Amino acid sequence: MKKVILSLAVITTLGLTSCKNETKKEPETTTIEMFEEVRITDLTFGVRGNCAMCKSTIEKAVNGVEGVASVNWDVDKKKIDVSFDNKKTDAMAIHKAIAASGYDTEKVLGDEVAYNNLPSCCQYDHEMTMNQK
């Protein structure tokens, strides 16, 4: 009986000491990246166009520019309101995107080939007033 108790004591001791020798796992760390401050710029300028199809084309062109947060072209006033992240784009990139789709802006004339490919209802008068108040 003494041998059995002694054997159990040895096995228990070995079991407890072997648990203490396990390698300890280091706690996992998570790196949290700090977000850069987003600087939204609001911009309003004139864009020539005629109708709801123009609105769709112009807004699609602007939304294709990286960093644009929102856009709305007013058909009646011939003006566009754009909000964008000025770390990702600038005003001239927005003007150029609109011009590439065939529409004149206050700073850039529309691409002639793109203009000629617009539906007839979208082919505006190149002398029309933009950005009416």
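Colleague: What does Lys-55 count as at 24% relative accessibility?

Modeller: In this predicted model, Lys-55 counts as partly exposed, because its 24% lies between the cut-offs of 20% and 50%. Glu-59, at 15% relative accessibility, counts as buried, because buried means under 20%.

Colleague: Which interaction joins the side chains of Lys-55 and Glu-59?

Modeller: Side chains of opposite charge can pair when their charged atoms come close. Here Lys-55 and Glu-59 meet in a salt bridge, with 2.7 Å from N to O. The two residues are four apart in helix H2, and are therefore separated by about one helical turn.

Colleague: How many salt bridges are found in the whole structure?

Modeller: The search finds two. Besides the pair within H2, Arg-48 forms a salt bridge with Asp-104, and the closest N and O atoms are 3.2 Å apart. This pair links distant parts of the chain, 56 residues apart. Arg-48 lies in the loop between strand S1 (40–46) and helix H2 (52–63), whereas Asp-104 lies in the loop between H3 and H4.

Colleague: Are Arg-48 and Asp-104 buried or exposed?

Modeller: Both Arg-48 and Asp-104 are buried.

Colleague: How many aromatic pairs does the count give?

Modeller: A pair of aromatic rings is described by the distance of the centres and the angle of the planes. The count here comes to two pairs. In one of them, Tyr-103 and Tyr-124 are stacked, with 5.7 Å centre to centre and 20 degrees between the planes. Tyr-103 lies in the loop between helix H3 (91–100) and helix H4 (112–116), and Tyr-124 in the segment after H4, so the pair ties together parts that are 21 residues apart in sequence. Tyr-115 and Tyr-124 form an edge-to-face pair, at 5.0 Å centre to centre and 75 degrees between the planes.

Colleague: What do the ring pairs make of Tyr-103, Tyr-115 and Tyr-124?

Modeller: The ring pairs link these tyrosines into a cluster. Tyr-103 is buried, Tyr-115 is buried with a relative accessible area of 12%, and Tyr-124 is buried with a relative accessible area of 2%.

Colleague: Which residues have the most contacts inside the largest nonpolar core?

Modeller: In soluble globular proteins, nonpolar side chains tend to be buried together. The largest nonpolar core of this model has 22 residues, and those with the most contacts inside it are Ile-80, Ile-94, Ile-98 and Tyr-103. At least two residues of this core come from each of H2, strand S2 (68–74), strand S3 (79–85) and H3.

Colleague: What is Ile-98 in contact with, leaving aside its neighbours within four places in sequence?

Modeller: Its contacts are Phe-45, Val-47, Ile-58, Ala-61, Val-62, Ile-80, Tyr-103 and Thr-105.

Colleague: In which sense do S2 and S3 pair?

Modeller: S2 and S3 pair in the antiparallel sense, over six bridges. Asn-72 stands opposite Asp-81 in S3. The two strands form a hairpin with four residues between them, and Lys-78 in the turn has a positive phi of about 60 degrees.

Definitions and conventions. Residues numbered from 1 in each chain as written. Predicted model: local features only at pLDDT ≥ 70, side-chain atom pairs only at ≥ 80, totals over all residues. Heavy atoms only, no water. Phe/Tyr/Trp six-rings, centres within 6.5 Å; stacked < 30°, edge-to-face > 60°. Buried < 20%, exposed > 50% of the residue type's maximum accessible area, 1.4 Å probe, protein only. Salt bridge = Lys/Arg side-chain N within 4 Å of Asp/Glu carboxyl O. Core = buried A, V, L, I, M, F, W, Y, C linked by side-chain atoms within 4.5 Å. Contact = heavy atoms within 4.5 Å. Pairing = 2+ DSSP bridges.
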